[in-house]
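Follow the chain in the model below, one part at a time. Keep the sequence beside you as you read.

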Amino acid sequence: FWFYTNALYSNGPNFLETSSGYCEINLNNGTLDYVQNLSAGNAYVNSGALNPATLGNWHFVAIKYATDSLSIFVDGVKKNVTKTTGTLTPISSLLLGKRPNNTGYFNGKLDDIKVYGCGLSAADISSLFNESICKQSISVTDTLIINMNITGYNPISYSNAIKIYPNPANDQLNVSIANANNNG
């Protein structure tokens, strides 16, 4: 998931928690804490201090449970790993942005919350982080060319290019799409 916080907490609200308290992710003093209840007891992993400062910045968080470890990733980078024993405790409900007793509400934004039924690789987590990065500005001196290469399973064999010019523009902006008839 992605999060953006408007407030810093010393005993932060939970981003995610089960109503039975079997797993939770929360923000405390600029670090992320994750606790997962396993059949052999609780497993805990901490992100360490987030950099850049948490307040007023978007961060991507991924938690990975494997049969022998619990890992936390922040902004596509593995921050910490804890060895574990036991199996996952089943959960029945999931709460977002608050604690089960209706306290500790999160003051911020959550986005792209995903739960997978399998462990993702470090490369998968890095890819999820990078696919959602939005570029705030692009500096171009003449013509901006955006190459649109389709990737994925059984990709289409052609690519498109979008040209935007002139730059800077005063009263007219041209947008040219190569291979526009190919539905790319």
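The chain has one helix and 13 strands. Helices (H or I, at least four residues) and strands (E, at least two) are DSSP runs, numbered from the N terminus. Read from that end, the order is β-β-β-β-β-β-β-β-β-β-α-β-β-β. The model is predicted, so local features need pLDDT of at least 70 and side-chain atom pairs count only at pLDDT 80 or more, while totals for chains, interfaces and linings use all residues. Residues are numbered from 1 along each chain as its sequence is written, and side-chain values use heavy atoms, with hydrogens and water left out.

Start with the sheet. Strands of a sheet pair through backbone hydrogen bonds, either parallel or antiparallel. Here two strands count as paired if DSSP finds at least two bridges between them. Five strands make an open sheet in the order 8-7-6-1-10, with antiparallel pairing. Strand 8 (77-83) and strand 10 (108-111) are at the edges with a single partner strand each, so one side of each has no neighbour in the sheet. On average, neighbouring strands of this sheet are turned by 20° against each other, direction ignored. Such angles are taken between axes, which are lines fitted to C-alpha atoms (for helices over the stretch in contact); they run from 0 to 180 degrees between N-to-C directions.

Now look at two pairs within the sheet. Strand 1 (residues 2-5) joins strand 6 (residues 58-66) in the antiparallel sense, over three bridges. Tryptophan 2 has phenylalanine 60 in strand 6 as its bridge partner. Strand 7 and strand 8 are also antiparallel, over six bridges. Phenylalanine 73 stands opposite lysine 78 in strand 8. The hairpin of strand 7 and strand 8 has two residues between the strands, and aspartate 75 there takes a positive phi near 55°.

What lies inside? Of the 184 residues, 31% count as buried. Buried means under 20% relative accessible area, exposed means over 50%, and partly exposed is in between (1.4 Å probe, protein chains only). In soluble globular proteins, nonpolar side chains tend to be buried together. A nonpolar core is a set of buried Ala, Val, Leu, Ile, Met, Phe, Trp, Tyr and Cys residues joined through side-chain atoms within 4.5 Å. The largest such core has 17 residues, and Phe1, Phe3, Phe15, Ile25, Leu32 and Tyr34 have the most contacts inside it. Strands 2 (14-18), 3 (23-28), 4 (31-38), 5 (41-49) and 7 (69-74) each supply at least two of its residues. Another core, of eight residues, lies apart from it, with Phe60, Phe73, Leu120 and Ile125 among them.

Phenylalanine 15 sits in strand 2. Because its relative accessible area is 1%, phenylalanine 15 is buried. Phenylalanine 15 is 94 residues from lysine 109 in sequence, yet their C-alpha atoms are 9.7 Å apart in space.

Finish with charge. Side chains of opposite charge can pair when their charged atoms come close. A salt bridge is a side-chain nitrogen of Lys or Arg within 4 Å of a carboxyl oxygen of Asp or Glu. The structure holds one. Glutamate 131 pairs with lysine 114, with their closest N and O atoms 3.8 Å apart. Glutamate 131 is in helix 1 (residues 122-131), and lysine 114 is in the loop between strand 10 and helix 1, 17 residues apart. Lysine 114 counts as partly exposed because its relative accessibility is 42%.
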